[in-house]
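Let's take a friendly walk through a protein model, one topic at a time. Keep the picture beside you as you read.

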Amino acid sequence: MMNKAETRLIKANGDAAETAAACLKAGGLVAFPTETVYGLGADAANGKAIARLYVAKGRPSFNPLIAHVPNLAAAQRLGAFDAAAEILAAAFWPGPLTLVVPKAPGCPVAALATAGLDTIAVRVPDSPVAQAILKAFGGAIVAPSANRSGHVSPTIAAHVAADLGGTVDLIVDGGATRVGLESTIVGCVGTPTLLRSGAVTREAIEQVLGQRLATPGTGPGAAPAAPGMLASHYAPKARLRRDAGDVRPGEALLAFGPQPPAGANRAVATLNLSAKGDLVEAAANLFAHLRALDRPGIAGIAVMPIPHEGLGVAINDRLARAAAPRDTT
Ligand code: TXA
Ligand code: MG
């Protein structure tokens, strides 16, 4: 397969955006920071580049991608926005919210990127690096998180290099991402529906909409709401033990808050998501800390309880996936 590439790593300054845009135009794969996590970008209109992207990620091909655009006008060339979608775009864009809307007639995004669906996921990132690349490129960029499928999302360029070095063309290093958690995904096809919890809280969205968000079916046999929300999607190799009140022999500790749990001194390694118990700081640290603690030979990672409020909802969602039994995808 054509999945071998020499990976160039550049800093996000000078003419980095032009270099990235030229690489994308030539059908290349470019990893770049957004405010949420690093994305692996390809020209949304180039089916071949998108095929290479799936190969590089090792991603099941039924998993559709988010199209990134610089502003609402560009988004409306890709999809049809109803009243709720327009309200949400006005309130949260640019920013870490993805809207799933019906594909617009003549939408230039390759069918492979939307995995044959008649809807499309769109977002306008607020990261200056992402914005500069989008403007230099002048078209939509599809970008899943820049990790190998099944790994946690990358929040620094070194994570991307570790997962995808040698298989992508360019990595633009813009430092650590501000938010550290993926965007929230809301379906705006009929009743607005929370498809993936993320950087924008359900409460903030419901307040702007003036209505509750629907929750997709979760019963047995229910289709996954966002096809990428496979139970074990965010999986480190080590076993995760959530809501841990103690540390067992051989375990590493992922702490939260000022109070260490029983047996904390026997942890083989310890990192604290936020010593002051701040959920925003915890979200920003989550994936980097999971990667850092995920060492061969440890008995597992004990994770202290995280409150199920605000950003804690998305953090707990990612931890539940990371702790789930592994499936084969
Ligand atoms: O913060 C983010 O959203 C990051 C940055 C790079 O933008 N991107 C990201 O992409 O998390 P990815 O591919 O890892 O996750 C996208 C999710 C997947 O669960 C996918 O199934 C879902 O979006 N999705 C994409 N298109 C969809 C559609 N038409 N309907 C429902 N879900 C969709
Ligand atoms: Mg992902």
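Before we compare two helices, here is how their axes are drawn: an axis is a line fitted to C-alpha atoms, over the stretch in contact, and the angle between two axes runs from 0 to 180 degrees between N-to-C directions. Please remember that this is a predicted model. We begin with a pair of helices, then look at the sides of single helices, and end with a few individual residues.

**Two helices that cross**

- Two packed helices are described by the angle between their axes and the distance between the axes.
- Here, the axes of helix α4 (residues 83-92) and helix α7 (residues 202-209) come within 10 Å and cross at roughly 120°.
- Angles of 65 to 115 degrees count as roughly perpendicular and those over 145 as roughly antiparallel, so α4 and α7 are oblique to each other.
- The crossing of α4 and α7 is right-handed.
- Which residues meet? From α4 come A84, I87, L88, A91 and F92, and from α7 come A204, I205, V208 and L209.
- This contact of α4 with α7 is made up of 9 nonpolar residues, with no polar and no charged ones.

**The two sides of α4**

- An α-helix has 3.6 residues a turn, so residues three or four places apart point the same way.
- In α4, the buried residues are A84, A85, L88, A89 and F92.
- Their arc around the axis is only 130°, which puts them on the same side of α4.
- Covering these buried residues of α4 are, among others, α3 (72-76), β5, β9 (184-187) and α7.
- The face of α4 turned away from the buried side carries A83 and A90, which are exposed.

**The two sides of α5**

- Helix α5 (residues 128-137) has A130, Q131, I133, L134 and F137 as its buried residues.
- They span an arc of only 165° around the axis, and therefore lie on the same side of α5.
- The partners that these buried residues of α5 pack against are α1 (16-25), β2 (30-33), β3 (38-43), β4 (66-68), β7 (141-142) and β8 (170-173).
- P128 and K135 are exposed on the other side of α5.
- After α5 comes G138, with a positive phi near 80°.

- I50 sits in helix α2 (residues 47-57).
- Is I50 buried or exposed? With a relative accessible area of 0%, I50 is buried.
- Although I50 and A113 are 63 residues apart in sequence, their C-alpha atoms are 6.6 Å apart in space.
- Setting aside neighbours within four places in sequence, I50 is in contact with A42, D43, A44, L65, A110, L112, A113 and V142.
- T155 belongs to the loop between β7 and α6 (157-164).
- T155 counts as buried because its relative accessibility is 4%, and buried means under 20%.
- Not counting residues up to four places away in sequence, T155 touches V37, Y38, G175, A176, T177, G180, F287 and A288.

**Backbone features to look for**

- Most residues other than glycine have a negative phi, and most peptide bonds are trans.
- D243 is not a glycine, and its phi is positive, near 50°.
- You can find D243 in the loop between β11 (240-241) and β12 (251-255).
- The relative accessible area of D243 is 45%, so D243 is partly exposed.
- W93 and P94 are joined by a cis peptide bond, with omega about -5°.
- P94 lies in the loop between α4 and β5 (97-102).

Notes: Residues are numbered from 1 along each chain as its sequence is written. Chains are lettered from A and ligands numbered from 1 in the order in which they are written. This is a predicted model: local features need pLDDT of at least 70, side-chain atom pairs count only at pLDDT 80 or more; totals for chains, interfaces and linings use all residues. Side-chain values use heavy atoms; hydrogens and water are left out. Helices (H or I, at least four residues) and strands (E, at least two) are DSSP runs, numbered from the N terminus. Angles under 35 degrees count as roughly parallel, over 145 as roughly antiparallel, 65 to 115 as roughly perpendicular and the rest as oblique. A crossing is left-handed if the near helix is turned anticlockwise from the far one by less than a right angle, and right-handed if clockwise. Contact means heavy atoms within 4.5 Å. Ala, Val, Leu, Ile, Met, Phe, Trp, Tyr, Cys and Pro count as nonpolar, Asp, Glu, Lys and Arg as charged, and the others, Gly among them, as polar. Buried means under 20% relative accessible area, exposed over 50%, partly exposed in between (1.4 Å probe, protein chains only). The arc is that of the directions from the helix axis to the C-beta atoms.
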